[in-house]
Amino acid sequence: MTSKSLIAGEEPAGLALAQGALWTYLPRMGGMMLSCCEGTVWLTREGDREDHVLRPGDALQVEGHGRVVVQALRPARLCFAPMPRSESAQTMEGLLLGALGVVAFSLTLPATRVAVPELGSTMVGLGRALVAAVLAGLLLAVRRERLPERRHWPRLALVAGGVVVGFPLLSALALRHMPASHSAVLVGLLPAATAVAAVFRARERPSWGFWLSALAGLGCVLGFALAQGAGRPTGADGLVLLAVAAAAVGYAEGAVLARELGSWRVICWALVLAAPILAPVVALSVGPEVLSASPRAWLGMGYVSAVSMFLGFFAWYRGLALGGVARVSQLQLAQPLLTLMWCALLLGEPVGHGTLGAAVLVLLCVFAGVRSRVRRAGA
């Protein structure tokens, strides 16, 4: 009689057992589905009072921490398949990854505000993507990744236009004329804008309650912009709003692509795709002031390049793909408050009652949207 044993994570796609052979297995987290494809096996599990006999076509869910012992009563072949995760488990993982991405992005505006005065808007807005593209290219090369299929390239170009070029450049230009705390509140529009993009790109269908709360948040943000601009919006406000629209499209398209390519591959290939266009523009923007920039400015540049433009998207796109674009994007409602905190702690920018109040109102208005029903088309 022969005996085989496996530990969690080592299960093969199939396993042949001679008559009388034993097989032992320690289930992995999440479990698996064990099927008898041929022959007859006897199975017992720790903690299970009942033994099982599986014949061709029989299947048994194996999970938990107890060891499983299988013996072939006749020559048999076992098949294995991972247990599908529940929708609630996927949503929870998506929300956790989305929250990690929001924390990473919440430092983007303060870091940009620090770097722009010394390095310039183009250098910070587009140079960050060029640095991130080098990191992405190295990662793709080390992993020997194949080029995406031709049908994916136009969609990757849309991602690149939104989050690699559009949002970074437009927000950097805006921050030359407004404090980071002001722009942080305007970026509070991003969740609602992303939800709109999700309708068209990710085929999601938020409920009426979701849209009503989003419109209320829009009213709060526009009211804030008018009050801060002496009764009229400024050019910098318009740049931030354009940046929000660009990011929303890039988020929604990237989330859809992440389900096919994987979250980190989406941002890596988008960066690599944009690099040849960005390189000459950034090179022309480099002036003598770059050499005399302070370590503080380079630290800000390093953050927006490595974290905001690269690592943060690994978690963010994965979270959007798992939890749904409209739902997970609402986590960005906390981003203005986090950014205001960083502005006060790191930049010493005064955060007035009006700015803080507007951010809280936006948070409250769209909090109802997080609780509203969002479904995908066809569901």
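Hi everyone, a word on the ground rules. Residues are numbered from 1 along each chain as its sequence is written, and side-chain values use heavy atoms, with hydrogens and water left out. Since this is a predicted model, local features need pLDDT of at least 70 and side-chain atom pairs count only at pLDDT 80 or more, while totals for chains, interfaces and linings use all residues.

First, the overall picture. The protein has 14 helices and nine strands, taken as DSSP runs numbered from the N terminus (H or I, at least four residues, for helices; E, at least two, for strands). Of its 379 residues, 49% are buried; buried means under 20% relative accessible area, exposed over 50%, and partly exposed in between, with a 1.4 Å probe and protein chains only. Contacts here are heavy atoms within 4.5 Å, and among those between residues at least 6 apart in sequence, 81% join residues at least 24 apart.

Now please find helix α9, residues 263–285. Its 23 residues reach 31 Å from first C-alpha to last, close to the 33 Å expected at 1.5 Å a residue; that expected span is 1.5 Å times one less than the number of residues. Where does α9 bend? The bend is at Ala275, by about 50 degrees, and Pro276 follows within four residues. The angle is taken between axes fitted to the seven residues ending there and the seven starting there. Ala275 is itself buried, and the buried residues of α9 also include Trp264, Trp269 and Leu278. Among the elements covering the buried residues are α3, α4, α8 and α11.

Let's move on to the charges. I count a salt bridge when a side-chain nitrogen of Lys or Arg is within 4 Å of a carboxyl oxygen of Asp or Glu, and by this rule there are seven. Glu253 and Arg155 meet in one of them, at 2.9 Å from N to O. Glu253 sits in helix α8 and Arg155 in helix α4, so this pair ties together parts that are 98 residues apart in sequence. Are these two residues buried or exposed? Both Glu253 and Arg155 are buried.

Arg151 pairs with Glu260, their closest N and O atoms being 3.4 Å apart. Because Arg151 lies in the loop between α3 and α4 and Glu260 in helix α8, this bridge ties together parts 109 residues apart in sequence. Glu260 is partly exposed, at 40% relative accessibility.
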